[in-house]
Amino acid sequence: MEFGLFCGGFTPRGLWGLDDPAQAEHERLLSEVELAVLADRTNWKYWWTTEHHFLDEYSHISANEVLLPWVGARTERIHLGSGIFNITPPVNHPARVAERVAMLDHLTEGRFEFGTGRGSSTTEQQGFGIPEPDLTKDMFDEVIGEFRRMWSQRDYSFEGRFFSMPTRNVLPKPWIKPHPPMWVAAGNPGTFEKAARMGLGVLCFTRGSPRELAPLVEIYKTAIADAEPVGEYVNDNVAVVSQFLCLEDREQARDWMVRAGSNYHSSLLYRYLDTFPRPPGVPAWPAVLPPTTRAVVDERIEQDAGVVGNPEDCLAALRQFEAIGCDQVLMGPSSTTWPHDLCAESVELFGKQVIPELDRDPEHRTSRFRREAAAAAS
């Protein structure tokens, strides 16, 4: 099992006691970069960053195509993933996406992971002139299979419902053949099965215990056997998100979870990401969920709904994810109001003491799939 950090750009009002929103925004971005550099030095294999637009406080990372190469220039081994690039044509023209992916592949020398999606908020979609969320499903289906053609053909053209191109040579082509690993964001059973049939890795941003996630993993692993990949090869990968804090003192870790601001983050999620079903008990904005309590934190940990505690606790929790067939676990310590130094301490401790117990393969799983595909084509 492999491990990745997730960078979300959570910038709530008054973050770290900063009254100036612009300063808070700036400090958060710099913190995210520093955590990526630290992860690169402490055994983490992946660093993922989102793409969101117009979602005040929830996420201020709108131009991850700028952030990714900035981090790439400061790291050496860690793979850098778009979690996601929005591939709907009104947001990002598909040819521009293909160009960015190939350019990132060159500049990182094969360390880029191409995560795709269609956006999950009408605030974003309507901001780019997409009137109905369901249209993005058709847009995604039209676009996703075109990247392999853009990357492999000198004379590419397309005439579709949502975008069209006269004959052009889309440049550059990817650096390491055949192309970067392809992923898609998913949250419901139907998307897991669809992703598997397309041969795409799954980025599961739906938090839950291993018991709750097990049926989704099983659906994916069953369907991937019959994949007809939209790329040149199958990326058989399930990555799931978990709450996370690893400290030497387990009681201190649980106390910090109470002060994470996670309920406010969840309230913002359901304020904006209105294509997600709203769970019972989550109030409509501007009402917010009450701050969490230590009793709730303890209960969630006992139910394996988080990787929290000392290194031994974290290892035990991760064995549950390993048992259901997860290939990668994503941790997002910066999706909290914790100070940077605490996040850095947790990332470093986990990387040095926990990851080596679960991931002893020096090669990235996605690199192996890509290498094998290139060998088969030669």
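**View 1. The salt bridge between Asp255 and Arg294.** The side chains of Asp255 and Arg294 form a salt bridge with an N to O distance of 2.6 Å; a salt bridge is a side-chain nitrogen of Lys or Arg within 4 Å of a carboxyl oxygen of Asp or Glu. Distant parts of the chain are linked by this pair, with Asp255 in helix H9 (residues 250–258) and Arg294 in helix H11 (residues 294–302), 39 residues apart. Salt bridges with shared partners join Glu251, Arg254, Asp255, Arg294, Asp298 and Glu302 into one network. Asp255 is partly exposed at a relative accessible area of 35%, and Arg294 is partly exposed at 25%. Buried means under 20% relative accessible area, exposed over 50%, and partly exposed in between (1.4 Å probe, protein chains only). The model is predicted: local features need pLDDT of at least 70 and side-chain atom pairs count only at pLDDT 80 or more, while totals for chains, interfaces and linings use all residues. Residues are numbered from 1 along each chain as its sequence is written, and side-chain values use heavy atoms, with hydrogens and water left out.

**View 2. The salt bridge between Arg13 and Asp56.** A search of the whole structure finds 26 salt bridges. One of them joins the side chains of Arg13 and Asp56 (2.6 Å, N to O). Arg13 is in the loop between strand E1 (2–7) and helix H1 (21–41), and Asp56 in the loop between strand E2 (46–49) and helix H2 (64–72), so the pair ties together parts 43 residues apart in sequence. Helices (H or I, at least four residues) and strands (E, at least two) are DSSP runs, numbered from the N terminus. Arg13 is exposed, with a relative accessible area of 55%, whereas Asp56 is partly exposed, with 29%.

**View 3. The salt bridge between Glu99 and Arg96.** The closest N and O atoms of Glu99 and Arg96 are 2.8 Å apart in this salt bridge. The two residues are 3 residues apart in helix H3 (residues 94–107), a separation of about one helical turn. Glu99 is partly exposed, with a relative accessible area of 24%; Arg96 is also partly exposed, with 42%.

**View 4. The buried residues of helix H7.** In H7 (residues 189–197), the buried residues are Phe192, Ala195 and Ala196. Down the axis of H7 they fall within an arc of 100°, so they line one face of the helix; the arc is that of the directions from the helix axis to the C-beta atoms. These residues pack against strand E8 (182–186), strand E9 (201–204), helix H8 (210–223) and strand E10 (238–242), where contact means heavy atoms within 4.5 Å. Just after H7, Gly199 has a positive phi of about 75°.
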